[in-house]
Amino acid sequence: MTRQRSVVVIGAGHNGLACAAYLARAGLKVLVLEAAAQPGGAAVTREFAPGFRVSAVAHLLNLLDPVVVKDLALAQHGLAYAREGLRTVALSAEQPPLSFSAGEIYAGNVSAEERAALRAYTGRMQKFAHVIARQHGRVPPRLRFESWRDALPAAAVALDIRRLGRRGMQEFLRVATMNIFDVLEEHFTHPQLKAALALDAVLGTRLGPRSGNTVYASLYRQSGSVNGRPGALALPRGGMGVVSAALAAAAMVAGAQLRCAARVAGILVQDGRAAGVRLLSGEEILADVVVSNADPKTTLLQLLGARHLEAEFARRVHQVRAVGTAAKLHLALGGPPQFRGLSPEQLGERLVIAPDLDYIERAFNPAKYGEYSGQPVMEITVPSIHDASLAPAGSHVLSAVVQYAPYDLKGGWPAGKAGFQATVMAVLERHAPGIGGLVRHAELLTPYDIEQQFGIAGGHWHHGELALDRFMMLRPVVGAAQYAMPLDGLYLCGAGCHPGGGVMGSAGRNAARVILGKR
Ligand SMILES: Cc1cc2nc3c(=O)[nH]c(=O)nc-3n(C[C@H](O)[C@H](O)[C@H](O)COP(=O)(O)OP(=O)(O)OC[C@H]3O[C@@H](n4cnc5c(N)ncnc54)[C@H](O)[C@@H]3O)c2cc1C
């Protein structure tokens with residue numbers, strides 16, 4: 001009889017849960033240890049005022065891995081959508097709202113030429129995004145080939161690019177390293193349209209439209225699909241926590257165990273390999289394999305400790321850029337807010353405040369110097385329009401990602417938070433006059449709060465900047481890109497690994513495949 005391999009997973013974020021589910025299904029003895037009182041990490045639904053519930057960090061689903069959805073039967077475990085195919089509605093204080101989705105304009109003063117340009121641009125970018133999407137479910141290739149088998153994953157990537165055809169390939173290679181500002185200037189003149197498209201390239205990053213890596217970030221954002229619709233956006237019924245609850249159920253059904261309120265204080269090392277974990281309570285749990293869903297810096301520099309790492313490797317981990325810039329605003333509203341020029345139907349769409357490219361760049365500028373934006377950009381949803389379970393009858397919940405709010409704010413967030421919240425409310429008031437009077441309760445989570453409450457270093461969306469120098473076999477760092485760490489028996493499975501952040505489950509699935517030897 002062979003002994004069952006035991007695994008401890010540090011963290012029940014959605015990736016940790018996906019990893020646990022795959023490992024338990026393969027017959028391993030899996031225990032998931034979560035610091036918080038409930039599973040889900042940054043993909044969680046929380047009550048933030050009596051009767052008002054909201055997706056506490058991530059709020060829009062666009063990247064969830066369809067293979068994970070199918071393999072783990074997430075629909076049978078409760079995953080359903082309150083709304084699929086949300087349109088983006090760009091707000092402006094001077095112009096009527098501009099509404100578009102999947103390359104089609106639904107409202108706004110847009111010429112026939114510009115509409116055709118949007119269709120062509122969206123089609124081309126979706127082909128490029130598909131190249132990136134094909135990499136999500138793959139373990140990144142190694143930079144050093146020891147056998148012909150090692151070369152196969154790299155050849156597969158090259159083939160995906162080659163499939164674009166000669167002209168497509170040339171264009172892909174041309175734009176991939178450009179900034180989104182220059183690319184959009186090549187295609188469009190409409191300020192609101194350019195800005196709404198650019199916002200997707202900077203959300204969750206420490207970048208402005210003129211920064212390098214923004215075309216890559218934009219393609220990454222478009223690389224997902226919902227129910228087979230590329231680039232679509234959805235609101236899970238019951239908030240983002242439903243995704244994590246479905247993954248937790250899949251893991252439990254497969255035999256994994258979950259302990260919440262169990263913070264890991266350190267990773268145990270014996271005979272030069274990971275041997276288990278020590279909880280904050282002092283309890284020690286031994287395991288054959290330790291998998292961490294915590295971000296790379298937290299896992300390797302805090303829980304393991306640099307003394308167990310080779311100096312050059314520790315230096316690389318230290319250099320992972322994890323300075324979050326996205327804050328989250330939640331408003332419990334006594335009634336539906338009225339945005340200028342917006343019809344009641346449009347209130348349920350994805351609303352963006354980013355009127356032109358320079359507005360976004362100016363919003364970014366202060367963040368470079370440790371200051372928050374005086375005129376922030378926002379991505380707003382009012383999910384209670386589609387999902388009555390989130391607010392008492394007649395009331396509503398507003399959920400907004402707000403940038404730029406740099407983690408490393410001069411003077412610190414405890415002192416700066418009230419000022420930023422007032423700034424954000426003033427911007428909202430300009431677009432939705434009277435909204436302040438509807439507010440029954442407000443919650444602002446700065447990157448500092450996200451770090452404190454969700455255990456993510458720097459409160460960073462992707463557990464570390466997502467960029468071409470932190471992509472595939474370079475993510476999180478060279479020497480750790482295939483989920484196995486230099487210390488035997490230790491693996492990473494979270495957003496800091498390939499393919500990155502967003503609610504996807506791919507990193508969890510890929511890590512499980514490596515642990516199971518199914519590369
Ligand atoms: C403001 C903001 C808005 C976002 N909006 C979106 C969005 O709309 N759509 C989208 O797809 N993505 C969004 N994201 C990104 C998304 O939330 C994350 O990339 C994703 O949730 C990461 O999942 P994960 O499972 O890899 O890690 P996490 O969700 O961070 O989970 C890690 C888990 O490990 C636990 N943990 C950490 N340390 C320990 C320890 N020592 N002991 C035990 N447990 C520990 C944590 O408590 C946590 O539960 C947003 C991110 C931010 C910051």
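## Ligand shell and a helix pair

In this predicted model, a polar backbone atom of V264 sits 2.9 Å from a nitrogen atom of the ligand. That is a polar contact, meaning a pair of N or O atoms within 3.5 Å.

| Residue, backbone atom | Ligand atom | Distance |
|---|---|---|
| V264, polar | nitrogen | 2.9 Å |

The protein buries 97% of the 1,000 Å² that the ligand exposes when taken alone (Shrake-Rupley method, 1.4 Å probe). Helices α1 (14-25) and α15 (447-454) are the elements that give two or more residues to the shell. Helices here are DSSP runs of H or I, at least four residues, numbered from the N terminus.

The shell holds 34 residues, each with a heavy atom within 4 Å of the ligand. The closest are E34, L60, W461, G502 and V503. By class, 18 are nonpolar, 14 polar and 2 charged; Gly counts as polar.

Elsewhere, α3 (residues 112-136) packs on α5 (residues 165-176) at about 80°, with axes 11 Å apart. Therefore α3 is roughly perpendicular to α5 (65 to 115 degrees). From α3 come R124, F128 and V131; they meet G168, E171, F172 and V175 of α5. Contact means heavy atoms within 4.5 Å. These residues divide into 4 nonpolar, 1 polar and 2 charged.

Residues are numbered from 1 along each chain as its sequence is written. Local features need pLDDT of at least 70, side-chain atom pairs count only at pLDDT 80 or more, totals for chains, interfaces and linings use all residues, and side-chain values use heavy atoms, without hydrogens and water.

Terms used. A polar contact is a pair of N or O atoms within 3.5 Å; within protein, one must be able to donate a hydrogen and the other to accept it, and residues adjacent in sequence count only if both atoms are side-chain atoms. Axes are lines fitted to C-alpha atoms, for helices over the stretch in contact, and angles run from 0 to 180 degrees between N-to-C directions. Angles under 35 degrees count as roughly parallel, over 145 as roughly antiparallel, 65 to 115 as roughly perpendicular and the rest as oblique.
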